[in-house]
2 protein chains.
Amino acid sequence: MEIRTMETVFEELMELLQNKQMKELKTRLDDMNEADAALFLQTLPEKDMAMVFRILAKEHAAEVFACMEIDEQQLIINSVTDRELANIIEELYVDDAVDLMEELPANVVKRIMRNATPETRDLINQFLKYPENSAGSIMTAEFVDLEKDMTVKDAFDRIRKTGEDKETIYTCYVTSKDRKLLGVVTVRDMLLSPYEALIGDIMDENVISARTTDDRETVAKMFNKYDFIALPVVDLENRLVGIVTFDDAIDVLEEEATEDIEKMAAITPSDKPYLKTGVLETWRARVPWLLILMISATFTGLIIGFYESALSKFVVLTAFIPMLMDTGGNGGSQTSVTIIRSMSLGDLEFSDLVKVVWKELRVALLCGLTLSAVNFLKLMYLDKVGILVSAVVCITLLATVLLAKLVGGIMPMLAKKIGFDPAVMASPFITTTVDALSLIIYFRIATAILKI
Amino acid sequence: MEIRTMETVFEELMELLQNKQMKELKTRLDDMNEADAALFLQTLPEKDMAMVFRILAKEHAAEVFACMEIDEQQLIINSVTDRELANIIEELYVDDAVDLMEELPANVVKRIMRNATPETRDLINQFLKYPENSAGSIMTAEFVDLEKDMTVKDAFDRIRKTGEDKETIYTCYVTSKDRKLLGVVTVRDMLLSPYEALIGDIMDENVISARTTDDRETVAKMFNKYDFIALPVVDLENRLVGIVTFDDAIDVLEEEATEDIEKMAAITPSDKPYLKTGVLETWRARVPWLLILMISATFTGLIIGFYESALSKFVVLTAFIPMLMDTGGNGGSQTSVTIIRSMSLGDLEFSDLVKVVWKELRVALLCGLTLSAVNFLKLMYLDKVGILVSAVVCITLLATVLLAKLVGGIMPMLAKKIGFDPAVMASPFITTTVDALSLIIYFRIATAILKI
């Protein structure tokens with residue numbers, strides 16, 4: 001088997017398209033993985049994209065559609081007939097359909113709903129009601145449900161009959177007549193049991209499940225912990241209403257990591273890729289934080305203003321302000337970012353605060369002493385600013401690093417404790433706090449040692 | 001079904017242990033999910049942990065063991081007999097065994113190897129040879145392989161016979177006599193086909209696979225794209241040597257996000273949780289970057305030193321240095337962090353450089369104008385520093401934001417293009433660059449407008 005890169009494959013497909021060899025193109029695309037076919041379609045000009053999409057086999061078309069980006073999905077919707085649209089909607093898993101509805105303009109949503117069957121329409125409407133970022137918002141309705149008194153053979157027959165439309169068949173759910181969740185049984189359990197075994201006997205009654213109202217991040221982390229393929233979602237009466245599959249959990253974990261990174265960099269998180277957000281949108285996500293931070297940075301300015309007369313006598317002190325501020329900022333964000341990520345991975349709890357403070361104190365002392373020693377040598381022998389100024393700068397440096405690492409360790413943990421998002425408390429805020437405090441220390445020490 | 005929190009469950013188990021009701025404790029633990037049982041064991045004091053571990057059912061014990069942290073795994077190993085150890089090793093999937101070998105001290109590794117069967121020993125030794133961070137290093141050997149001329153019924157029989165020990169049975173691999181990978185067939189495909197269907201007829205020959213030498217991050221991203229449960233890994237001769245399962249891919253994606261976050265905050269990444277790293281280790285991961293950044297911040301100091309005489313005439317200018325530097329740093333890291341994350345998610349390529357520059361230019365202009373306008377009003381009516389100084393500060397602010405966002409957008413992309421890790425180029429480096437450039441602009445504009 002020859003290994004070809006995706007580029008080569010795409011070029012070949014392109015050639016088929018240009019030579020109008022549509023039959024061969026269709027065969028090749030239908031054989032392709034849906035994610036790759038979607039990628040190929042998205043490289044085509046608008047007109048060709050819709051045309052090529054319409055030659056795909058009916059079922060494959062819906063799968064490819066589900067892998068496309070929202071803009072391209074809209075283009076496709078606008079260029080297919082009502083009948084083709086109805087087919088796509090019926091083939092989509094309800095979680096993908098709901099995602100689509102949430103992002104499309106109202107008139108397109110109306111057209112889709114008009115073409116869906118009443119059952120699909122009801123299901124989509126029901127799922128649209130779950131709050132954003134809840135387990136309900138990422139679950140899907142296409143699961144296999146079994147009954148306790150079925151045999152493995154019965155179960156396989158049911159899967160054979162209905163499995164084609166299920167998002168996963170590997171974990172099946174055993175429910176009572178009133179849809180209460182009684183147990184789970186995997187296809188693995190069934191394959192490893194005799195065909196005559198009763199589902200009720202081989203099912204696992206210790207079901208780990210989520211509530212529709214649980215946070216989607218909590219649910220995604222359960223996949224990380226338990227290595228599940230799917231997780232059942234129940235309502236308040238323990239009735240099974242849907243499942244979350246591992247691929248959606250992966251997406252949530254990736255999105256949550258991106259959100260944390262954005263918040264740490266003082267950006268309002270967005271769920272759209274960089275190149276898909278408009279200039280105004282990006283501006284709106286960034287400028288409020290820049291404004292807040294700019295205004296809080298003026299406190300630092302006030303402190304400098306307050307010591308203006310001292311500074312004018314020792315202007316050389318000004319030259320070290322950037323180094324002190326930068327080191328404080330960097331030292332603080334090293335700590336805060338580590339702490340925030342550890343909390344978000346579940347490695348750190350508020351009860352570990354004392355451990356964190358004790359560890360950061362020792363690390364800060366080591367870091368501060370290293371930096372001060374190097375800096376002292378530089379000040380004495382390179383900058384030749386004299387022992388007194390060198391002492392002022394180096395003592396301040398040590399104090400700044402200590403302060404920065406303590407503030408960086410404590411602030412995110414406190415923020416989480418009182419219900420704020422710790423990621424928002426990251427580097428920029430801590431930088432501002434540490435800047436102000438370290439400048440005060442600087443000038444205090446300077447006035448004491450230099451007697452100004 | 002009553003919903004109990006994990007805390008309540010743990011308390012009940014603890015009570016059973018204290019009352020020496022070992023039989024009931026065993027039943028409860030054997031019924032529990034292995035990840036939860038491992039969590040419970042890890043809350044116990046050393047002596048109890050080993051004792052409780054040894055009452056677990058043989059097979060469950062190995063699963064629980066695989067979920068424990070390395071320190072606790074070592075404790076267990078040191079307190080079980082050679083025979084129990086041999087049992088654990090044989091039950092472990094080879095990827096978990098390899099992870100363990102890589103972290104345990106040499107004498108413990110020796111004891112394990114002495115107790116493993118020759119086959120297991122060879123397999124572990126072979127897998128230990130794959131380079132760190134390669135697909136080979138995260139794959140496992142326990143997959144189901146089928147032959148082309150088997151029927152679905154034959155395949156199910158083979159799964160029934162050997163499936164107990166396989167990490168996943170849901171994706172099966174069809175290989176030739178010389179172990180070349182011919183196709184994949186899922187249990188879903190088989191369940192949806194008649195029992196007499198030939199595997200060769202229903203298998204998918206368009207296999208998406210990875211090479212043992214591929215980067216593990218690339219492999220993990222394929223899971224994100226294709227939503228696979230497992231991915232086959234082949235050697236250079238296209239012989240199937242192992243599979244990577246989705247749960248390992250999730251771990252890799254989480255670890256890679258953590259690494260990126262750490263690098264962006266100027267920390268040498270570590271693969272251990274925060275509370276498990278020692279003070280010296282943390283110091284070593286942090287201090288080199290602080291030193292480099294401290295030394296590069298002295299360039300900023302040199303610039304201030306160079307303009308010392310100008311500054312001493314207009315000491316008021318000093319008060320705005322922190323605000324300008326902070327805003328430049330924040331604006332730059334907003335952009336760099338977004339760009340780095342987008343590149344790492346595959347949303348952005350080097351070929352998008354022009355788009356990025358054009359977008360950042362417009363966003364920066366909007367942000368810069370907003371900030372300058374607010375700041376101008378503040379300087380004129382609150383600080384009352386006069387129109388000339390206000391103009392100097394606001395023009396510099398606009399220039400700083402423009403510069404910061406351009407540097408923040410271009411530097412990570414260039415870094416990646418020339419083969420550096422873009423995450424390392426994030427905030428701190430960009431801050432230093434932007435600091436120096438914006439101070440030069442500040443003093444240039446100041447000397448021109450204020451005629452000093």
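How many bridges join strand 4 of chain A to strand 5 of chain A, and do these strands run parallel or antiparallel? In this predicted model, in which local features need pLDDT of at least 70, side-chain atom pairs count only at pLDDT 80 or more, and totals for chains, interfaces and linings use all residues, strand 4 of chain A is joined to strand 5 of chain A by two bridges, and the two run parallel. Residues are numbered from 1 along each chain as its sequence is written, while chains are lettered from A and ligands numbered from 1 in the order in which they are written. Helices (H or I, at least four residues) and strands (E, at least two) are DSSP runs, numbered from the N terminus, and two strands are taken to pair if DSSP finds at least two bridges between them.

Strand 5 of chain A is in turn joined to strand 6 of chain A by five bridges, and here the strands run antiparallel, with A:V234 opposite A:L240 of strand 6. Strands 5 and 6 of chain A form a hairpin with five residues between them, and A:N238 in the turn has a positive phi of about 60 degrees. A residue is called buried if 20 or more other C-beta atoms lie within 10 Å of its own, exposed if 12 or fewer, and partly exposed in between, the C-beta atoms being placed from the backbone. Five of the five residues of strand 5 of chain A are buried, so this strand is largely enclosed by the rest of the structure; A:A230, A:P232 and A:V234 point one way from the strand, A:L231 and A:V233 the other way, and all are buried. Six of the six residues of strand 6 of chain A are likewise buried, so strand 6 is also largely enclosed by the rest of the structure.

The corresponding elements were examined in chain B. Strand 5 (residues 230–234) of chain B is joined to strand 6 of chain B by five bridges in an antiparallel arrangement, and B:V234 has B:L240 as its bridge partner in strand 6. These two strands of chain B form a hairpin with five residues between them, in whose turn B:N238 has a positive phi of about 60 degrees. Strand 6 (residues 240–245) of chain B is mostly covered, six of its six residues being buried.

Helix 15 (residues 216–226) of chain A has A:R216, A:V219, A:A220, A:F223 and A:N224 buried. Seen down the axis of helix 15 of chain A, these buried residues fall within an arc of 155 degrees (taken from the directions from the helix axis to the C-beta atoms), so they line one face of the helix. Their cover includes helix 11 (135–138), strand 4 (210–211), strand 5 (230–234), strand 6 (240–245) and helix 16 (246–264) of chain A, together with helix 16 (246–264) of chain B. A:D227, which follows helix 15 of chain A, has a positive phi, near 55 degrees. In helix 16 of chain B lies B:T258, which counts as buried because 22 C-beta neighbours lie inside 10 Å.

A separate open sheet of chain B has three strands in the order 1-2-3, with mixed pairing. Strand 1 (145–146) and strand 3 (181–186) of chain B stand at the edges, each with a single partner strand, so one side of each is left without a neighbour in the sheet. Strand 1 of chain B pairs with strand 2 (residues 171–175) of chain B in the parallel sense over two bridges, and B:L146 stands opposite B:V174 of strand 2.

With copies superposed by least squares on the C-alpha atoms of residues with pLDDT of at least 70 in both, chain A can be laid on chain B with an RMSD of 0.1 Å by a turn of 180 degrees and a shift of 0.1 Å along the axis. This is the relation of a two-fold axis. The same surface serves both copies, as 100% of the contact residues of chain A recur in chain B. Residues are in contact if their C-beta atoms, placed from the backbone, lie within 7 Å, and by this criterion 94 residues of chain A are in contact with 94 residues of chain B. Helix 17 (residues 279–306) of chain A contributes the largest share of the side of chain A that touches chain B, 15 residues.

How values were computed:
Contact = placed C-beta atoms within 7 Å.
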